[in-house]
Every structure is written in structure tokens, then in C-alpha cells.
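Here are my notes on the two-chain model you sent over. Have the structure open while you read, and take the points in order.

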Amino acid sequence: MKTIAELQSIASQVRRDIIRQTWSAKSGHPGGSLGCADYLTSLYFNHLRFKLPFTMNGNDEDIFVLSNGHISPVFYSILARTGHFPVDELATFRKLNSRLQGHPATQEHIPGVRIASGSLGQGLSVALGLALAKKFQADTKLVFALTGDGELQEGQNWEAIMAAAHYKADNLIVTVDWNGQQIDGPNDKVISLGDLEGKWKTFGWTVLHANGNDMQDIDQKISDAKSHVGQGKPIVILMKTIMGFGVDYMMGTHRWHGVAPNDEQTAKALDQLTETLGDYKI
Amino acid sequence: MSWDKFTSTQKIATRNGFGDGLLEAARSNPKIVALCADLAGSLKMDLLEKEFPSRYFQVGVAEANMIGMAAGMATSGLIPYTGTFANFSTGRVYDQIRQSVAYSGKNVKICASHAGLTLGEDGATHQILEDIGLMKMLPGMCVINPADYAQTKAATMAIANHEGPVYLRFGRPDWPVFMQNEKFEIGKAITLREGKDVSIFATGHMLWQALEAVRLLEQEGIDCELINIHTIKPLDIEAIIKSVKKTNRVVSCEEHQRNGGLGDSIAQTLALHHPTRMEYVAVNDSFGESGKPMELIEKYGLGVKDVVAAVKKIVL
């Protein structure tokens with residue numbers, strides 16, 4: 001297990017990777033990626049029991065499904081930093097002939113990605129299918145999934161949420177990146193999510209809350225979620241995050257949802273993020 | 001080659017072929033699981049549910065979730081068969097199929113009943129006539145439209161051994177059974193009758209209509225070659241070109257829109273390899289309506305007389 005300080009150190013490098021990928025590609029989604037860096041660092045370095053080399057079926061290992069595929073920069077950084085593929089490959093993000101597509105895909109066989117995502121609202125269904133397949137195959141490992149909050153406006157999620165409770169998918173741990181922002185502005189202005197906790201509870205899930213940008217808290221809440229496994233209910237962590245967390249001028253606004261920083265902005269962002277594991281070469 | 005054997009003494013719906021084929025495939029392949037969106041009886045998936053309850057997943061009226069779940073199950077190495085009506089198997093869940101199944105390269109078998117006009121009285125909301133086009137445009141998607149009970153059963157079993165996504169399309173009404181002695185191989189056309197005057201390519205229910213038309217035309221001295229294209233993608237280009245080089249006239253028959261169906265795939269093949277005169281027997285840019293299956297077949301230009309007329313138009 002990594003200490004909280006070690007996780008924070010890794011997350012700082014992951015954030016540098018996010019900034020440098022989007023800057024180099026001159027496109028991509030830094031805001032949500034930065035907000036989820038702590039969660040994914042904790043999940044992959046302290047909790048997820050994955051095997052290398054990567055195999056698609058994920059049998060006898062924990063599986064992570066990214067539903068909000070636009071935060072691919074943080075996903076790719078985490079996969080690279082956990083040894084799924086060479087870190088220098090991050091330099092190819094969003095470029096022609098790259099395995100690192102703008103949104104995650106399986107067509108290029110990038111290790112660590114099991115399903116394409118980007119068109120929103122589909123990941124929870126896939127995660128549920130994986131969770132039920134694990135139960136069917138007497139595989140006791142777990143399925144984790146991450147979804148955005150604006151993404152919950154997609155109706156398919158609620159089909160999956162209803163079905164997961166029906167099937168008592170208690171090997172499924174979903175996390176909602178609840179940063180309150182989406183492309184056109186705050187959730188409450190676009191389409192309010194209303195009583196999010198009440199909605200999940202009414203659908204029959206065990207609901208936990210976390211501060212996704214407090215490493216101690218999110219690391220603990222993932223442990224807590226695992227303690228609820230096998231109790232007949234799927235589990236959700238409603239994770240409050242700040243979009244753009246770690247870079248002052250990107251924080252708390254939807255403006256950096258899908259905009260890459262320019263040279264000057266990149267320099268300013270990197271000044272705030274310590275290089276801890278070594279930058280990849282561009 | 002004798003083609004007298006293609007007669008029918010009984011009618012059974014193609015969807016029964018699916019239910020029976022699924023059960024038989026599941027008996028021999030433990031990786032097969034089934035997902036159904038509240039239509040187990042209609043698709044005869046209750047047979048599998050009864051014998052293998054742990055391999056049957058009722059998902060309710062939630063087709064998008066069903067496709068995603070199937071993609072997840074396929075990722076883990078299972079072979080999921082999804083079942084609902086053709087309308088809800090395709091148009092309703094196109095993006096889910098596109099991203100989570102086709103683009104992700106998942107081994108999901110999308111099994112679709114009640115396709116086309118012969119769904120009957122429920123009307124145009126349910127009578128999808130665009131599904132072949134929707135599915136064949138997706139890279140890597142195999143598209144199969146069997147002709148009768150026997151071929152549907154054989155196809156249902158065969159697709160388990162095909163690695164990759166499949167769209168299997170079948171129907172609701174009782175329909176003549178006549179292909180029970182023909183070997184089914186994905187992508188391999190079946191010649192029912194050799195002839196020199198015209199090549200008739202038919203898929204799904206329309207193979208029987210074409211067959212009856214050929215018998216009538218035979219009496220009038222028109223020598224038709226009748227070929228069953230059960231697999232629209234990948235298309236048996238070799239069989240098509242070989243036949244057309246002999247006859248130089250083509251009629252395509254399908255219970256689908258003219259736009260985007262089997263006929264369009266054949267026309268593309270002809271344009272590229274052997275430009276040839278062609279007639280379509282298909283629904284021409286129109287929705288259906290309520291009615292009895294055979295009434296609809298007649299009204300929308302898919303009757304035996306319509307096949308006869310198309311052949312005469314191009315031959316005489």
C-alpha cells in the first residue's frame with residue numbers, strides 16, 4: 001500500500017501528464033481529468049488488483065471501466081504510470097497513428113482499455129455486464145466504474161442503475177465525479193441532478209460520499225466501499241471534486257472542460273505541479 | 001440439379017428457429033448466455049431460460065442497457081445473445097451498438113425478431129424496414145437474414161462460432177419450411193435453382209416468395225437462377241458475379257427498404273465488378289401500416305406477382 005504522501009506525489013505527476021498531453025495535442029479535456037487524478041491514483045496504486053501483461057477478459061482481476069471517456073488524459077497517464085504501456089507513448093495522445101485516441105478505444109489494442117467510451121452514458125451498463133459475468137463465472141474480483149455527473153442526464157445510466165440493484169450486483173463499485181460542471185455550465189443550470197443521493201438510494205444502492213480531491217478521504221472511501229461488497233447491493237461513491245483541481249486558473253469553472261492550455265498557460269500550470277516521477281519526452 | 005426438393009409441408013415461424021437454435025447452441029457451448037428485453041415468449045427464449053436459468057438475464061424494457069451489458073459480458077469471454085424486436089435491436093440502440101459493440105469489437109450476437117412488414121397488425125412503429133442498412137454500415141458487423149425456420153436455427157447455432165459482432169434478423173409469422181436439407185455457412189450463398197435468363201437473389205422471408213415466382217415463370221419458359229443470400233455482410237461476391245456473368249440480369253428480393261438493403265449491396269457489387277441491369281423487389285421509401293402479414297406483403301410490392309413482374313420487366 002502506498003502512503004497518502006506517496007499517492008499525492010504520484011498524483012502531482014499525473015496532473016503534469018494531463019497538462020502536457022493536452023498542451024501537446026492542442027486539444028482534449030484537462031478540467032475533468034485534473035479533478036479525477038486523485039481518485040484514479042488511489043484506485044490504481046492502492047486498490048485495483050490488476051495483472052500485467054494486460055488481458056482483455058480481466059478474469060480473476062479487478063476491472064475498471066471509464067464511462068466519461070473524455071477524461072482520457074488522466075486515464076492514459078495512470079495506465080502508463082502503472083506499467084500498462086511505456087510512459088513516453090503519452091506524447092502521441094490524439095495524434096495520427098496513436099494508440100491513445102481522443103476518447104479511449106480498443107481498436108488500437110492499447111493495454112488497459114477494455115471498452116470504447118466517449119459517447120456518454122454507456123459505461124455503467126458495460127460495468128454491470130462485467131460484474132454479472134464475474135458472478136456467473138464464480139470470479140470474486142470486483143468491477144469499478146467512473147461516470148461523470150452531467151453524464152447522469154443520459155437515461156441509459158438509470159436503466160443500468162435499476163438493473164444493477166435488481167441483480168444485486170454487490171461486486172460493482174461506481175464512482176460519480178460530482179464536480180457540478182458540464183460543457184454548457186453548472187449542472188444546476190443545465191439540467192439539475194436534484195437529490196442525487198436520494199435517487200441512488202431509492203434505486204437500491206449503498207451510497208457513500210467522498211471528497212475526491214482529499215487523497216486521505218478518497219483512499220479511505222474506496223476502502224469503505226470495498227467493505228460493503230457482498231452485501232446484496234451495488235455501491236456508489238458520490239465523489240465531490242473540483243474541475244481543474246491542482247491548477248489555480250482552471251479550478252471550479254467549466255471553461256476548461258474541453259480546452260487545452262497554450263504555451264504560457266502550460267508553463268503556469270506546470271509551475272504549480274511538482275515533477276515527481278519524471279516527465280515523459282515530447 | 002433438381003430443385004423439386006424445395007417444397008414445404010409445414011409452416012413454422014423463423015423466431016421458433018431462433019429459440020430452438022439458441023437452446024441447442026447453449027447445450028453444447030457453456031459460454032453462451034442470453035439477455036432479453038421483456039420478450040422471452042415472443043422470441044422463444046423461454047426455452048433457454050427454463051433449461052439454463054442462470055444463463056438467462058432478463059433486462060426489462062431497457063434495450064440500451066441490454067446492449068451495454070452484453071458488451072461487458074462479451075469482454076469477459078462469454079458469448080451473449082441479445083433478444084428483442086428488430087426495431088428495438090437496431091434503431092433504438094444504434095449508438096450503443098456502434099460504440100460498445102462494433103467499435104469495441106465485442107463478440108455480441110444481436111438477435112432481432114419481428115423484422116419487416118410481416119410483423120403485421122402492430123403497424124409501422126414496430127415494422128422496421130431499415131435495420132439491414134443500419135447494421136451493415138457498421139464496420140465489422142456480420143448481417144444475416146435467414147429464410148425459414150431451419151435456416152434460422154442453423155444460423156443461430158453457427159454464429160456462436162463466428163468471432164465478432166453479428167446481427168441476426170428473423171420474423172414473426174408462420175412461414176413455409178423448405179431449407180432443412182441445405183448446409184448453412186456464414187457468407188456462403190445457396191443456389192436453389194440454376195438458370196440462364198435472370199439471377200434472382202433473395203433473403204429472409206422473400207426467398208419463399210421468389211421461389212413461388214420462379215415456379216410460375218418456369219411454366220412460361222423463363223429460366224431463372226434462384227440464389228439465397230442469407231448473409232448480407234460479408235456478401236458472397238464470388239457467387240453473385242459468377243451467376244450474373246451467365247444471366248446478365250438481376251432481381252433482388254427482400255423485406256426491407258430498397259435504400260440500404262440487400263439490393264443496394266448487390267448493386268454496389270455489380271457497379272464495381274460487372275455492371276448489369278437490375279430490378280429491386282423491396283419496400284420503396286415508405287413506412288408500413290397495420291394489416292395481416294400477407295396483405296401487407298401484397299400491398300407493399302413484395303408479393304409473388306411482384307417478383308414475377310420484376311423478372312418479366314428485365315427479361316422480356
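1. Start with chain A: among its contacts between residues at least 6 apart in sequence, 77% join residues at least 24 apart. Two residues are in contact here if their C-beta atoms, placed from the backbone, lie within 7 Å. Before going on, note that this is a predicted model, where local features need pLDDT of at least 70, side-chain atom pairs count only at pLDDT 80 or more, and totals for chains, interfaces and linings use all residues. Residues are numbered from 1 along each chain as its sequence is written, while chains are lettered from A and ligands numbered from 1 in the order in which they are written.

2. Chain A has ten helices and seven strands; these are DSSP runs numbered from the N terminus, helices being H or I of at least four residues and strands E of at least two. Its radius of gyration is 17 Å, close to the 19 Å that the globule rule gives for 282 residues, so chain A is as compact as a globular protein of that length. (The radius is taken over C-alpha atoms, and the rule is 2.2 Å times the number of residues to the power 0.38.) Buried residues make up 52% of the 282 in chain A. Buried means 20 or more other C-beta atoms within 10 Å of the residue's own, exposed means 12 or fewer, and partly exposed is in between, with C-beta atoms placed from the backbone.

3. Chain B carries 13 helices and 14 strands. With a radius of gyration of 19 Å, close to the 20 Å from the globule rule for 316 residues, chain B is as compact as a globular protein of that length. Of the 316 residues in chain B, 60% are buried. For contacts in chain B with a separation of 6 or more, 81% are between residues 24 or more positions apart.

4. Now the place where the chains touch. The contact takes 27 residues from chain A and 25 residues from chain B. On the chain A side, α5 (123–136) and α6 (155–166) each supply at least two residues, and the largest share, ten residues, comes from α5(A). That side of chain A divides into 13 nonpolar, eleven polar and three charged residues. Nonpolar covers Ala, Val, Leu, Ile, Met, Phe, Trp, Tyr, Cys and Pro; charged covers Asp, Glu, Lys and Arg; the others, Gly among them, are polar.

5. Which residues of α1(A) meet α3(A)? They are L7(A), I10(A), A11(A), V14(A), R15(A) and I18(A), and their partners in α3(A) include F45(A) and T41(A).

6. Two cis peptide bonds to look at. One runs from L52(A) to P53(A), with omega near 0 degrees, and P53(A) is in the loop between α3 and β1 (63–66) of chain A. Another joins K233(B) and P234(B), with omega about 0 degrees; P234(B) is in the loop between β12 (231–233) and α10 (237–247) of chain B.

7. Check the backbone at A138(A) too: its phi is near 55 degrees, a positive value in a residue other than glycine. A138(A) is in the loop between α5 and β2 (143–148) of chain A. Buried or exposed, then, for A138(A)? A138(A) counts as exposed, because it has 6 C-beta neighbours inside 10 Å.
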